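Let's take a walk through this one together. Have the sequence and the model open side by side, and we'll stop at a few spots along the way.

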Amino acid sequence: DQFGTSVSINSDATYAVVGAIFENTTGAMYVFTRSGSTWTQQAGPLRATDMGADDRFGTSISINSDGTYIIIGANFEDPGGISNGGAAYIWVRSGSAWAHQAKLTASDVATNYYFGENVAISSDGNYAIVGAIRSVTGGLDAGAAYIYVRSGSTWTQQAKIVSSDAQIYDNFGSAVSLNSDGTYAIVGAPNEDTGGSDAGAVYVFTRSGSTWSQESKIQGSDTS
């Protein structure tokens with residue numbers, strides 16, 4: 001089952017979520033709740049209604065601050081029949097019940113984009129970011145990340161972000177994270193070549209209204 005492929009815990013440690021990418025061949029997620037020092041499974045295995053074999057639902061997972069929203073990646077899902085285009089799913093909690101709210105896909109999805117390789121949701125549950133490591137913007141497998149915004153129960157793609165110096169095989173989008181209110185995003189590109197082959201870099205983006213701009217490229221002082 002590979003239970004534990006991905007994990008996330010909410011801010012006050014009352015909810016935890018776990019992905020298991022090969023559960024029942026499609027992948028699944030499990031939700032646990034804490035009372036004192038006791039953890040109890042609240043839900044699961046939960047699967048998307050359109051799951052297929054080897055979708056790897058659970059590749060990546062993130063829960064928001066108060067444990068009401070979960071985003072989960074399925075990077076081998078075939079949206080619209082596009083092989084391994086990838087998808088991410090939003091789940092919402094009402095009381096102790098979890099329900100699927102939205103399926104996210106890239107606006108320019110193509111074969112082997114692996115959208116959903118990494119996901120994150122803001123603390124307030126209003127913004128989500130999804131990495132697609134094999135997006136070809138800037139070169140083969142340069143990678144991209146997609147940002148979504150929630151209005152009520154509707155999620156809309158707000159931006160596609162790529163690094164300013166995107167190159168072939170950077171795999172930008174391998175790691176993603178958002179700050180509390182979705183005004184900052186950080187994206188990893190582990191195969192970026194500044195400082196040496198596959199030295200790696202991360203990029204910080206900021207939001208002004210609905211516009212996202214690259215603020216900084218970061219590397220370690222001992223990059224090699």
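Is D198 buried, partly exposed or exposed? D198 is partly exposed, with a relative accessible area of 43%; buried means under 20% relative accessible area, exposed means over 50%, and partly exposed is in between, using a 1.4 Å probe and protein chains only. Before going further, keep in mind that this is a predicted model, where local features need pLDDT of at least 70 and side-chain atom pairs count only at pLDDT 80 or more, while totals for chains, interfaces and linings use all residues. Residues are numbered from 1 along each chain as its sequence is written, and side-chain values use heavy atoms, with hydrogens and water left out.

Back to D198, which sits in the loop between β14 and β15. Strands here are DSSP runs of E with at least two residues, numbered from the N terminus. D198 isn't a glycine, yet its phi is positive, at about 60°. You'll find N84 in the loop between β6 (69-74) and β7 (87-94), and at 15% relative accessibility N84 counts as buried. As a rule, most residues other than glycine have a negative phi, and most peptide bonds are trans. On the peptide side, have a look at G44 and P45, which are joined by a cis bond with omega about 0°.

P45 belongs to strand β4, so let's look at the sheet around it. Four strands make an open sheet, running β1-β2-β3-β4 with antiparallel pairing; two strands pair if DSSP finds at least two bridges between them. β1 (3-9) and β4 (38-46) are the edge strands, and because each has a single partner, one side of each has no neighbour in the sheet. On average, neighbouring strands are turned by 25° against each other, direction ignored; the axes are lines fitted to C-alpha atoms, and angles run from 0 to 180 degrees between N-to-C directions. β3 (residues 28-35) pairs with β4 in the antiparallel sense over 6 bridges, and T33 faces T40 in β4.

Now for the charges. The structure holds 8 salt bridges, each being a side-chain nitrogen of Lys or Arg within 4 Å of a carboxyl oxygen of Asp or Glu. One of them joins E192 and K217, with the closest N and O atoms 3.0 Å apart. E192 lies in the loop between β14 (184-189) and β15, and K217 in strand β16 (residues 211-218), so this pair ties together parts 25 residues apart in sequence. E192 is buried at 2% relative accessibility, whereas K217, at 29%, is partly exposed. D141 and R134 also meet in a salt bridge, at 3.8 Å from N to O. D50, E77 and K103 are linked in a salt-bridge network.
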